Amino acid sequence: MFVLALLSLFLATTGSAAPHHHGRDTGISGSALQAVLPSDATLSLPTSNANFLALGCGVQNYTCTGAGNYSSIGALANLYDISQLFNTAEFANVTNCGLEIWSGDQGETNPFNSGLDSLIQNNLGLNNKLGEHFFTNFNGTSEPEFDFTQSQGNAGDFTIDVKSADIPSPTDPTNSVDWLALSNVSGILASQTFRIFTAGGKQPSSCQPGSGDISVKYCAQYWFFP
Ligand SMILES: *[C@@H]1O[C@H](CO)[C@@H](O)[C@H](O)[C@H]1NC(C)=O
Ligand SMILES: *[C@@H]1O[C@H](CO)[C@@H](O)[C@H](O)[C@H]1NC(C)=O
Ligand SMILES: *[C@@H]1O[C@H](CO)[C@@H](O)[C@H](O)[C@H]1NC(C)=O
Ligand SMILES: *[C@@H]1O[C@H](CO)[C@@H](O)[C@H](O)[C@H]1NC(C)=O
Ligand SMILES: *[C@@H]1O[C@H](CO)[C@@H](O)[C@H](O)[C@H]1NC(C)=O
């Protein structure tokens, strides 16, 4: 444990070229990911096993532009471990179930207020919270970050990403946000992250200029690869 902590510190401090693998392995491979993607998706898929599989539930935020449409201004979500659900009947539908539960909490739009954790635990039995997803300023641009520092007890356990590919939701492109491939630019948590099985989060097609910001609830699966 102590040796591992020292090693992490060393890698984080030196920015060594060798990625840090943590010894965390879900046993779920890049080809398992390929099997759930649309067959025409041209993504560069990981060759390693996933180190984490998470259910993310939260909001996608949008602002109404002068042109009368919504543009994305970020997202917030809580991330819960779902690796134990892989190969069960609940797995593919866990995002729809999560969204139904989260949507039922009508007074709340901020996933970081503690109510969502107990809703997800009581209704889905997911009690291992891995971390939080939010947007952060990276080199002058707002980019997605996934922060597992608290659950993993390691200050380097986050990833800030840039988008490398997106495809419309294969099942519900009208209401559900795109499936994404993200590439790490900072942190040691993951080199590639995929957002799939999205449920909700899509903005209305038009808005009244000046009407301000909205938050649209969503859930998605996030697969992290070292
Ligand atoms: C909003 O509308 C403008 C002008 O038609 C267009 O250029 C832009 O791509 C649209 N943005 C989104 C997010 O749809
Ligand atoms: C998936 O979840 C939705 C929302 O909870 C539910 O309406 C639907 O019946 C579920 N589908 C399956 C196959 O379990
Ligand atoms: C997104 O919306 C939530 C809930 O409305 C709000 O608490 C949060 O500050 C917003 N975040 C961003 C980055 O816009
Ligand atoms: C940061 O942004 C500058 C200017 O856009 C760019 O030249 C540079 O490559 C970026 N650095 C990183 C690490 O992305
Ligand atoms: C993420 O990118 C940073 C900056 O290039 C790098 O130091 C780090 O090792 C990368 N993490 C992984 C897991 O590849």
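Student: Which strands does helix α4 lie across, and at what angle does α4 run to β2?
Tutor: This is a predicted model, in which local features need pLDDT of at least 70, side-chain atom pairs count only at pLDDT 80 or more, and totals for chains, interfaces and linings use all residues. Residues are numbered from 1 along each chain as its sequence is written. Helix α4 (residues 115-124) lies across β1, β2 (70-81) and β3 (129-138), at about 55° to β2, where contact means heavy atoms within 4.5 Å and angles run from 0 to 180 degrees between N-to-C directions of axes fitted to C-alpha atoms, for helices over the stretch in contact.

Student: What makes β4 and β5 a pair?
Tutor: Two strands pair if DSSP finds at least two bridges between them; β4 (residues 141-147) and β5 (residues 158-167) have 3 bridges in the antiparallel sense, and therefore they pair. The bridge partner of E145 is I160 in β5.

Student: How many cavities of 30 Å³ or more are there, and what lines the largest cavity?
Tutor: The count is 1, a cavity being a set of points on a 1 Å grid over the protein atoms alone where a 1.4 Å probe fits but cannot get out, with lining residues having an atom within 4 Å of a point. The largest cavity holds about 30 Å³ of space, and its lining includes W179, F194 and R195.

Student: Which strands each supply at least two residues of that lining?
Tutor: They are β5, β6 (179-186) and β7.

Technical notes. Chains lettered and ligands numbered in written order. Heavy atoms only, no water. Helix = DSSP H or I, 4+ residues; strand = E, 2+ residues; numbered from the N terminus. 1 Å grid on protein atoms, 1.4 Å probe; cavity = no way out; pocket = protein on both sides within 12 Å on 5 of 7 lines; lining within 4 Å. Points joined across faces, edges and corners; volume = space filled by probe spheres on them.
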